[in-house]
Amino acid sequence: MKSVRELDFFKNIREIREFEFGFFYYFDGLVISEMKEGVHMTWGMAKKAVKAAVEIYGEDMPIAYISNRINDYTIVPSDWIKFYTNRHQLDFYSVVGSTKGSFASLVLEKMFFQNSINQFTDIEEAIEWSVAKIEQRSKMSSAIN
């Protein structure tokens, strides 16, 4: 699997934030995460990435999120409830992974995540889909205003 740093798309980067649990790459309306090997991701960790997104984008920008699962790690699926009770929202969510573990945890996440989760095995396909969705949403918002 490819890291986002290996892609031509990386030239569009706005900001990179490194946390003890992983890297978050912030593009226009798109966040891509790559967690470190063996991390057990909790809401406390996720809050740091959410705070960074608010600093970069503000409160109202549509966000697409891609979890690029290049390493094995686990997520506390029930922490999605904390994500929503704190009034956070993702417009589009995709998971890129090819290991049994990445899709096994995805099954649990789907039980707690309120919107659909898209699955990809190729990061470039996930980016293409996400960028198209962000552009559609932006056009719809412009037409309304």
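Ring pairs link Phe10, Phe23 and Tyr25 into a cluster. Rings of Phe, Tyr and Trp (its six-membered ring) count as a pair if their centres lie within 6.5 Å. The model is predicted, so local features need pLDDT of at least 70 and side-chain atom pairs count only at pLDDT 80 or more, while totals for chains, interfaces and linings use all residues. Residues are numbered from 1 along each chain as its sequence is written, and side-chain values use heavy atoms, with hydrogens and water left out.

**Aromatic rings**

- The pairing rule gives a count of 10 aromatic pairs.
- Planes under 30 degrees apart count as stacked, over 60 as edge-to-face and the rest as tilted.
- Helices (H or I, at least four residues) and strands (E, at least two) are DSSP runs, numbered from the N terminus.
- Phe9 counts as partly exposed, at 21% relative accessibility. Phe27 counts as buried, at 1%. Buried means under 20% relative accessible area, exposed means over 50%, and partly exposed is in between (1.4 Å probe, protein chains only).
- Phe19 and Phe24 make an edge-to-face pair, because their ring centres are 5.7 Å apart and their planes stand at 80 degrees.
- Phe19 is buried at 12% relative accessible area. Phe24 is buried at 3%.
- Phe23 also has a charge over its ring: the charged end of Arg5 sits 5.2 Å from the ring centre. The criterion is NZ of Lys or CZ of Arg within 6 Å of the ring centre and within 35 degrees of the ring normal.

- In strand S3 (residues 30-35), 6 of the 6 residues are buried, so the strand is largely enclosed by the rest of the structure.
- Both faces of S3 are covered. Leu30, Ile32 and Glu34 are buried on one side. Val31, Ser33 and Met35 are buried on the other.
- S2 and S3 run antiparallel and are joined by 6 bridges. Two strands pair if DSSP finds at least two bridges between them.
- Across this pairing, Tyr26 stands opposite Val31 in S3.
- The hairpin of S2 and S3 has 2 residues between the strands. Gly29 takes a positive phi there, near 75 degrees.
- S3 also runs parallel to strand S5 (residues 64-68), with 4 bridges joining the two. Here Ile32 stands opposite Ile66 in S5.

**Ser130 in helix H4**

- Ser130 lies in helix H4 (residues 123-144).
- Ser130 is buried, with a relative accessible area of 0%.
- Ser130 touches Leu30, Ala64, Ile66 and Ser94, leaving aside residues up to four places away in sequence. Contact means heavy atoms within 4.5 Å.

**Salt bridges**

- The whole structure holds 6 salt bridges. Each is a side-chain nitrogen of Lys or Arg within 4 Å of a carboxyl oxygen of Asp or Glu.
- Arg17 meets Glu15 in a salt bridge, at 2.5 Å from N to O. Arg17 is partly exposed at 22% relative accessibility. Glu15 is partly exposed at 28%.
- Glu55 forms a salt bridge with Arg17 too, the closest N and O atoms being 3.0 Å apart. The pair links distant parts of the chain: Glu55 is in helix H1 (residues 43-57) and Arg17 in strand S1, 38 residues apart.
- Glu55 is partly exposed, with a relative accessible area of 48%.
- Lys36 and Glu18 form a salt bridge at 3.5 Å, N to O. Lys36 is in the loop between S3 and strand S4 (40-41), Glu18 is in strand S1, and the two are 18 residues apart.
- Lys36 is partly exposed at 27% relative accessible area. Glu18 is exposed at 52%.
- Shared partners join Glu15, Arg17 and Glu55 into one network of salt bridges.
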